[in-house]
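Visitor: I would like to learn how to read a folded chain feature by feature, with the general idea given before each case. Could we take one structure and work through it slowly?

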Amino acid sequence: MNNQDTRFANQYTIQWFPGHMAKTRRLIKESLNLVDGVVEIVDARIPVSSRNPELDSIIKKKPRIILLNKCDVADSQATSMWLKYFRDKGFYAAAVDCRTGKGLNSFDSLVKQALKSVIERNDAKGMSGKPLRLMVVGIPNTGKSSFINRMGKNAKAKVADKAGVTRQNQWFVVGNGIELLDTPGVLWPKFDDPEVGDKLAFIGSVKDEVTDKETLACRLLESLAATRPQAIEDRYKISGISGLQGWEILEMIGKKRGFLIKGGEIDYERAAVIVADEFRGGKLGRITLELPIDE
């Protein structure tokens, strides 16, 4: 990489809106009258950037529970700030890790709080015990399927650590009088803010196949170098990254890890893949990329 590569990186933007996502948006609208409330899964590392801004206008006044998933790899203090932020806006919210089940033991009581008026209305109509139906929504790779699989022993939603796995609506009975409607992850037509596109790509909500891995890793490293330089230096056993460009840090990581190709040159692509994977897996520490004060 050189300065020319860096100039290209600055111009590189992420835009992705597969045709099936337009269908998903329509399905959400059509299915909304089948449910009593909505469970929105967001990534605790980017609680705002991982929300679909179209959902507010689609869901409107339906009771909503926001689950900040992957809290195990997010900064705990930042997560507490985000919980207060969402609760102050009138949402019911909880921090969870859907893969391990952390925090999900409070979900049933959260549902009863959020749907209190629905339960009272059912009781008044002589329909006590009527199943409470909730639609599970969220952008790709935020953990909807992992949530459903954790909530119901017999639920079998497709799970993968990549975007775009769930492709159609699926109903699941998860017990305790709760039924969940899973929907495909849906992004919005374009990312008006390129930083939002970057953050979504960092966590894997945009398919890796449509991104430039090296450029993405460079941007991630530059972002972390500005806020959490010690996390990079500790993980990769390097030092002196202050003021360096992303490609320079990536080069240092490649050298340290021995990622070399013919002629002794750095294998930037391999280094980039490692950086992305290790960030997503929490190996660089518990990191949150945005805070409520940024709003």
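Visitor: What should I know about the model before reading it?

Guide: This is a predicted model, in which local features need pLDDT of at least 70 and side-chain atom pairs count only at pLDDT 80 or more, while totals for chains, interfaces and linings use all residues. Residues are numbered from 1 along each chain as its sequence is written, and side-chain values use heavy atoms, with hydrogens and water left out.

Visitor: How many helices and strands does the protein have?

Guide: Helices (DSSP H or I, at least four residues) and strands (DSSP E, at least two) are runs numbered from the N terminus. By that reading the protein has 12 helices and six strands.

Visitor: What share of the residues is buried?

Guide: Buried means under 20% relative accessible area, exposed means over 50%, and partly exposed lies in between, with a 1.4 Å probe and protein chains only. Here buried residues make up 51% of the 295 residues. Contact means heavy atoms within 4.5 Å, and among contacts between residues at least 6 apart in sequence, 69% join residues at least 24 apart.

Visitor: At what angle do the axes of α8 and α9 cross?

Guide: Axes are lines fitted to C-alpha atoms, for helices over the stretch in contact, and angles run from 0 to 180 degrees between N-to-C directions. Angles under 35 degrees count as roughly parallel, over 145 as roughly antiparallel, 65 to 115 as roughly perpendicular and the rest as oblique. The axes of α8 (residues 194-203) and α9 (residues 213-227) come within 10 Å and cross at roughly 105 degrees, and the two helices are therefore roughly perpendicular to each other. Asp198, Ala201 and Phe202 of α8 make the contact with Leu216, Arg219 and Leu220 of α9. In classing such residues, Ala, Val, Leu, Ile, Met, Phe, Trp, Tyr, Cys and Pro count as nonpolar, Asp, Glu, Lys and Arg as charged, and the others, Gly among them, as polar. This contact has four nonpolar, no polar and two charged residues.

Visitor: Which residues make the contact between α9 and α11?

Guide: The axes of α9 and α11 come within 8 Å and cross at roughly 100 degrees, which makes α9 roughly perpendicular to α11. On the α9 side the contact is made by Glu214, Ala217, Cys218, Leu221, Glu222 and Ala225, and on the α11 side by Gly246, Trp247, Ile249, Leu250 and Ile253. By class it has eight nonpolar, one polar and two charged residues.

Visitor: Which residues of α10 are buried?

Guide: They are Ala231, Ile232, Glu233 and Tyr236, and their cover includes α9, α11 and α12. Leaving aside neighbours within four places in sequence, Ile232 is in contact with Leu221, Leu224, Ala225, Lys237, Ile238, Ile241 and Ile249.

Visitor: Is lysine 199 buried or exposed?

Guide: Lysine 199, in helix α8, is buried, with a relative accessible area of 16%. Its C-alpha atom is separated by 7.3 Å from that of isoleucine 46, 153 residues apart along the chain. Arginine 270, in helix α12, counts as partly exposed at 45% relative accessibility.
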